[in-house]
Amino acid sequence: SYEHEATGAKHFHFASKNQENVFMVALRTMPHNSTGVAHILEHTALCGSKNFPIRDPFFGMLKRSMQTFMNAFTSSDWTAYPFATENKQDFQNLLSVYLDAVFFPNLREQDFMQEGHRFDFDENNNLILKGVVFNEMKGVYGNVYERLYEMNKSLLHPETTYHFDSGGAPQIIPLLSYEEFLAFHKKHYHPTNATFFTFGDIAAEHHQENFEKLALQFFPSKWEKVLTNDETRFLSPQKTILEYPSSDTENPHQTHILFSWLLGHANNAKTHLEAEILYQYLLGHSGSPLRHALETAEFAASISPLTMMDDSGREIRITTGIVTDDAKYADETEKLIFDVFEKILENGVPTDEAEGILDQIEMSLRELGTGYPYGLSLMLQAIGAAIHDESLKNMIDPSELLDEMREKIKNPKYL
């Protein structure tokens, strides 16, 4: 790993004999509202830049490049711009376009209106709101489970950036002004808040010379480093009742009873592994004690589709619950869950089951079967740790940690 002296930008290079070279630049983007500013910026940055002022250089390169992957992602606390190619000249061309788009985008107001939100007329001359991101998020929020996910996440995070939807909530997106949009880019898209990743057979020094020439030389000093803190813990369990619009085909009395817990750092490899073993033991399959209890409860129509271990932010979230027809079953569901917890506290997690889960986790870590280029899979595995200043070592090569965990789980009470 490397750090740029003037700006503090980080560079992680995965040296390989693989001729498919991969690049990704990731920015810390931590919004403090649900206007979707990070999402809109991801779209608009690719609509022309200082050295490539045409309307859509990104899509132009998609047609002309020999790329094996090109895209951009907005997550809850970072935005990333990756590409991959097996041709070195193509790599250089793509790098020029990407770095110019990220650090020197034109960000024209007309592009902001096109990608974000604007008033327009429909076929009946009625005034309506439109925008690429606005329309996309209307579709997302049309899904009940996406809406419930955001509600739940917001309640669990009352004070940090995760309280908000980085993709944008349709009712909030129109509140974003062009000036706020520009200010967000100025604050977040600075090399101080950037992490560069490279993979392949091009030397790290060659990459760094290009980073300097194409972008970093124009930023003579460090900028405000964007960070987020751990969420403040509640002093007692919180209970909230919320309503959501049901679909035409849904039972109007359908009720989701959810329970969520905030655990440790998602990008601390040991904490993450412990949480994953525990989650898989509790909820991983129909024979898991907590899943079995929820699925067979007389008052439950099914276990909640929102049952998950969510590691997309700074801290791990585990959620489970049931779908039923009346909120009156909330107390019974809570008792059922904590009865299972009491039994596990008393008896521990059987060593043979914990070892079996660990074997499955190790296989999934070794496979990296994400459908992405191999180098990009490595980068996405490491990006959270890099963004939050955690060690990448065990996230990339967990061998030592897995050996350590095999010893610890021999004690059934460890987890």
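Predicted model: local features only at pLDDT ≥ 70, side-chain atom pairs only at ≥ 80, totals over all residues.
The space inside the second largest cavity is about 30 Å³.

Next stop: the largest cavity. How many cavities of 30 Å³ or more are there? The count comes to two. The largest cavity holds about 50 Å³ of space. Select Y149, N152, L306, M308, D310, R317 and T319, which line the largest cavity. By class, the lining of the largest cavity has three nonpolar, two polar and two charged residues. Now color by secondary structure. Helix α6 (144–156) and strands β12 (308–310) and β13 (315–324) each supply at least two residues of the lining of the largest cavity.

Last stop: a helix pair. Select residues 88–103 for helix α3 and residues 204–214 for helix α8. The axes of α3 and α8 come within 10 Å and cross at roughly 40°. That angle makes α3 oblique to α8. The crossing of α3 past α8 is right-handed.

Show side chains for the contact. Which residues of α3 meet α8? On the α3 side, pick F91, Q92, L95, S96 and L99. On the α8 side, pick H206, H207, N210, F211 and L214. The contact of α3 with α8 has five nonpolar, five polar and no charged residues.

Terms used. Residues numbered from 1 in each chain as written. Heavy atoms only, no water. Axes fitted to C-alpha atoms, helices over the stretch in contact; angles between N-to-C directions. Helix = DSSP H or I, 4+ residues; strand = E, 2+ residues; numbered from the N terminus. Parallel < 35°, antiparallel > 145°, perpendicular 65-115°, else oblique. Left-handed = near helix turned anticlockwise from the far one by under 90°. Contact = heavy atoms within 4.5 Å. Nonpolar A, V, L, I, M, F, W, Y, C, P; charged D, E, K, R; others polar. 1 Å grid on protein atoms, 1.4 Å probe; cavity = no way out; pocket = protein on both sides within 12 Å on 5 of 7 lines; lining within 4 Å. Points joined across faces, edges and corners; volume = space filled by probe spheres on them.
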